[in-house]
Amino acid sequence: MLVIRLLMFCIISFFLVRKDIKEMILPDIYLIILFSCLLIFDIMFNREYIVFGGIGFLTAGVFFLTVYYMSGKKMGFGDVKYAAVLGYFLGIPAWVFAIILACIIAIIFFCFGIKIFNWNKTKKIPFGPFLAGGSIIVSLWSVL
């Protein structure tokens with residue numbers, strides 16, 4: 001059943017990531033669909049996870065909301081909402097590992113972009129793909 005949950009997450013996150021890469025936005029409708037699908041799946045097949053996921057949702061959401069305001073709103077608010085959904089998807093402490101992994105991957109990607117493509121150090125990059133990638137890696141790690 002966890003593989004079906006992961007597959008559902010991957011499919012919906014694909015559309016989120018695609019939109020974030022093209023337009024630097026994580027639309028609320030995709031986030032609502034993702035969270036609703038995860039919640040409905042858990043109500044039907046995985047009820048004991050709902051509280052665990054809820055704690056992940058709150059902790060990830062509050063953490064990213066704090067980062068959002070402390071950074072002077074340099075990170076998009078869609079990333080805050082997506083992180084909260086990822087907190088629900090992975091639970092605590094797995095979402096912490098996913099965020100750390102996403103940050104490491106983003107830093108490596110950005111450093112290569114500066115060296116290879118001569119990006120300006122102020123270039124904005126979408127963080128949604130890295131959040132999704134880190135979450136999928138951590139989720140696969142726990143499933144396998």
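Predicted model: local features only at pLDDT ≥ 70, side-chain atom pairs only at ≥ 80, totals over all residues.
Trainee: How many salt bridges does the structure hold?
Mentor: There are 3 salt bridges. The term requires a side-chain nitrogen of Lys or Arg within 4 Å of a carboxyl oxygen of Asp or Glu. In general, side chains of opposite charge can pair when their charged atoms come close.

Trainee: Which residue does Asp42 pair with?
Mentor: Asp42 forms a salt bridge with Arg5, at 2.9 Å from N to O. Asp42 lies in helix α2 (residues 28-45) and Arg5 in helix α1, so this pair ties together parts that are 37 residues apart in sequence. Helices are DSSP runs of H or I with at least four residues, and they are numbered from the N terminus.

Trainee: Are those two buried or exposed?
Mentor: Both Asp42 and Arg5 are buried. Buried means under 20% relative accessible area, exposed means over 50%, and partly exposed lies in between, using a 1.4 Å probe and protein chains only. For Asp42 the relative accessible area is 0%.

Trainee: What else does Asp42 touch?
Mentor: Leaving aside residues up to four places away in sequence, Asp42 touches Arg5, Arg47, Tyr49, Ile50 and Tyr88. Such a contact means heavy atoms within 4.5 Å.

Trainee: Where does Lys81 come in, and what is its partner?
Mentor: Lys81 forms a salt bridge with Asp28, and their closest N and O atoms are 2.4 Å apart. Lys81 belongs to helix α4 (residues 77-90) and Asp28 to helix α2, so the pair ties together parts that are 53 residues apart in sequence. Lys81 is partly exposed at 28% relative accessible area, and Asp28 is partly exposed at 38%.

Trainee: And what about Glu23 and Lys19?
Mentor: Their side chains meet in a salt bridge of 3.2 Å, N to O. Glu23 and Lys19 both lie in helix α1, 4 residues apart, which is about one turn of the helix. Glu23 counts as partly exposed at 48%, and Lys19 is also partly exposed, at 27%.

Trainee: Let us stay with helix α1. Where is Asp20, and how accessible is it?
Mentor: Asp20 sits in helix α1, which covers residues 2-23. Asp20 counts as buried, at 4% relative accessibility.

Trainee: Which residues does Asp20 touch?
Mentor: Not counting residues up to four places away in sequence, Asp20 touches Ile25, Leu26, Asp79, Pro126, Phe127, Gly128 and Pro129. The side chain of Asp20 reaches the backbone nitrogen of Ile25 at 3.3 Å. Asp20 and Asp79 are 59 residues apart in sequence, yet their C-alpha atoms are 9.7 Å apart in space.

Trainee: Is Ser13 buried or exposed?
Mentor: Ser13, which is found in helix α1, counts as buried at 2% relative accessibility. With residues up to four places away in sequence left out, Ser13 touches Leu34, Tyr82 and Ala132.

Trainee: New topic: how many disulfides are there?
Mentor: A search of the whole structure finds 0 disulfides, the term being a pair of cysteine sulfur atoms within 2.5 Å. The sulfur of Cys37 is 13 Å from the closest cysteine sulfur, in Cys10, which is too far for a bond. Cys103 is in no disulfide either, with the nearest cysteine sulfur, that of Cys111, 13 Å away.

Trainee: Last one: what makes up the nonpolar patch on the surface?
Mentor: The patch is formed by Val51, Phe52, Ile55, Ile92, Val96, Phe97, Ile100, Ile104, Ile108, Phe112, Ile116 and Phe117, with about 1100 Å² of accessible area together. Helices α3 (49-70) and α5 (94-116) are the elements that give two or more residues to the patch. Patch residues have over 30% relative accessible area and no salt bridge; like charges are joined within 9 Å, and nonpolar side chains (Val, Leu, Ile, Met, Phe, Trp, Tyr) within 5 Å. Accessible areas come from the Shrake-Rupley method with a 1.4 Å probe, and for residues only the protein chains shown count as cover.

Trainee: Which element gives the largest share?
Mentor: Helix α5 does, with 7 residues.

Notes:
Residues numbered from 1 in each chain as written. Heavy atoms only, no water. Polar contact = N/O pair within 3.5 Å; in protein donor to acceptor, adjacent residues only side chain to side chain.
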